[in-house]
Amino acid sequence: MTTNSDPQELAKFGDLAHRWWDPDGEFRPLHQINPLRLDWIDGFARLSGKTVVDVGCGGGILAESMALRGAQVLGIDLSVKPLKVAQLHALEAAVSGLSYREVAVEALAAERPGGFDVVSCMEMLEHVPDPSSVVQACFTLVKPGGWVFFSTINRNAKAFLMAIVGAEHVLKLLPKGTHEYARFIRPSELTRWAREAGLEPMQFKGMEYNPLTRRYRLSADTSVNYLLACQRPA
Ligand code: SAH
């Protein structure tokens, strides 16, 4: 069986894995947006006591923070080094209720349909060959009435300028080659995949970066980075 993954993408994250938890390193943007997305997710899903799968968890920035809010979290990824870094960090920080596994989301969905209260899949869809298959698997993994959260990057001229030219070349917030424009996803496309899978899109939020204050904030502007909260009908 072929997996829905791109070896070059997985290698890119593998090569940088040792830098994952440096708050001023290549993954600084993920560290900066984490409190915003964590609060946003917690506001819908009430994480404490819930079971969560974090799809494309990488080095575990979001997964670990959800466990610290009292959720039982499984982080999955197909890049081995980030998973090892995530495991080590959880061990060092003595975080309970957190485990990691190298498994494709489609395979886990076949194994544990309806197995989780909450599914998160952040900054991952724009790195896979068939993102609609990931959305479908996220639906399968969540219980009826449960929440699924996505975040990705919009595809338009402004997103190209901000997310690739600005972030990778001018401000150097991200390493060059982190993102490929053609893989960016319009909110209309994500909405369609979610609906086709059986999910109900509930809320879009924009994530805006201010280069002067060097801070992110959540807003109504989904033209570049954005989040989508979905619910599986009960
Ligand atoms: N979700 C994390 C990490 C985002 S970086 C966060 O937001 O903090 C993107 C992650 O997606 C990387 O860890 C990469 O290895 C992972 N990824 C890319 N393609 C994947 C695939 N096909 N299956 C699972 N994970 C994948």
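The model is a predicted one, in which local features need a pLDDT of at least 70 and side-chain atom pairs count only at pLDDT 80 or more, while totals for chains, interfaces and linings use all residues. Residues are numbered from 1 along each chain as its sequence is written, and side-chain values use heavy atoms, with hydrogens and water left out. The chain averages a pLDDT of 96, and 100% of the residues score at least 70. Helices (H or I, at least four residues) and strands (E, at least two) are DSSP runs, numbered from the N terminus.

**The sheet as a whole**

- An open sheet of 8 strands, with mixed pairing, has the order β3-β2-β1-β4-β5-β8-β6-β7, and two strands are taken to pair if DSSP finds at least two bridges between them.
- The edges are held by β3 and β7 (215-219), each with a single partner strand, so one side of each is left without a neighbour in the sheet.
- On average, neighbouring strands of this sheet are turned by 20° against each other, direction ignored; the axes are lines fitted to C-alpha atoms, for helices over the stretch in contact, and angles run from 0 to 180 degrees between N-to-C directions.

- Strands β1 and β2 run parallel and are joined by 5 bridges, with I76 in β2 as the bridge partner of V55.
- Between these two strands the chain passes through helix α3 (residues 61-68), and this β-α-β crossover is right-handed, meaning that, with the strands pointing away from the viewer, the path from the first strand over the helix to the second runs clockwise.
- Strand β2 (residues 72-77) is mostly covered, as 5 of its 6 residues are buried, where buried means under 20% relative accessible area, exposed over 50% and partly exposed in between (1.4 Å probe, protein chains only).
- On to strand β3 (residues 98-102), β2 is again joined by 5 bridges in a parallel arrangement, and G75 stands opposite Y100 in β3.
- A right-handed β-α-β unit is made by β2, helix α4 (residues 80-92) and β3.
- Strand β4 (residues 116-122) runs parallel to strand β5 (residues 142-153), joined by 6 bridges, and C121 stands opposite F150 in β5.

**Antiparallel pairs**

- Strands β6 and β8 pair in the antiparallel sense over 7 bridges, and M207 stands opposite N225 in β8.
- Strands β6 and β7 run antiparallel and are joined by 5 bridges, with R217 in β7 as the bridge partner of E208.
- The hairpin of β6 and β7 has 4 residues between the strands, and R214 takes a positive phi near 60° in this hairpin.

**Aromatic rings**

- A search of the whole structure finds 11 aromatic pairs, counting rings of Phe, Tyr and Trp (its six-membered ring) whose centres lie within 6.5 Å, with planes under 30 degrees apart called stacked, over 60 edge-to-face and the rest tilted.
- The rings of W20 and F27 have their centres 3.9 Å apart and their planes at 15°, so this pair is stacked, and both residues are buried.
- The rings of F204 and Y226 have their centres 5.8 Å apart and their planes at 55°, so this pair is tilted.
- Because F204 lies in strand β6 (residues 200-210) and Y226 in strand β8 (residues 225-231), the pair ties together parts that are 22 residues apart in sequence.
- F204 counts as partly exposed at 30% relative accessibility, whereas Y226 is buried, with a relative accessible area of 0%.
- Ring pairs also link W40, F44, W147 and F149 into a cluster.
- R232 lies over the face of F139, at 4.2 Å from the ring centre, a placement that requires NZ of Lys or CZ of Arg within 6 Å of the ring centre and within 35 degrees of the ring normal.

**Loop residues with positive phi**

- E123, found in the loop between β4 and α6, has a positive phi of about 55° although it is not a glycine, and E123 is buried, with a relative accessible area of 15%.
- K172 lies in the loop between α7 and α8 (187-197) and has a positive phi near 55° in a residue other than glycine, while K172 is exposed, with a relative accessible area of 54%.

Notes: pLDDT is the predictor's confidence in each residue, from 0 to 100.
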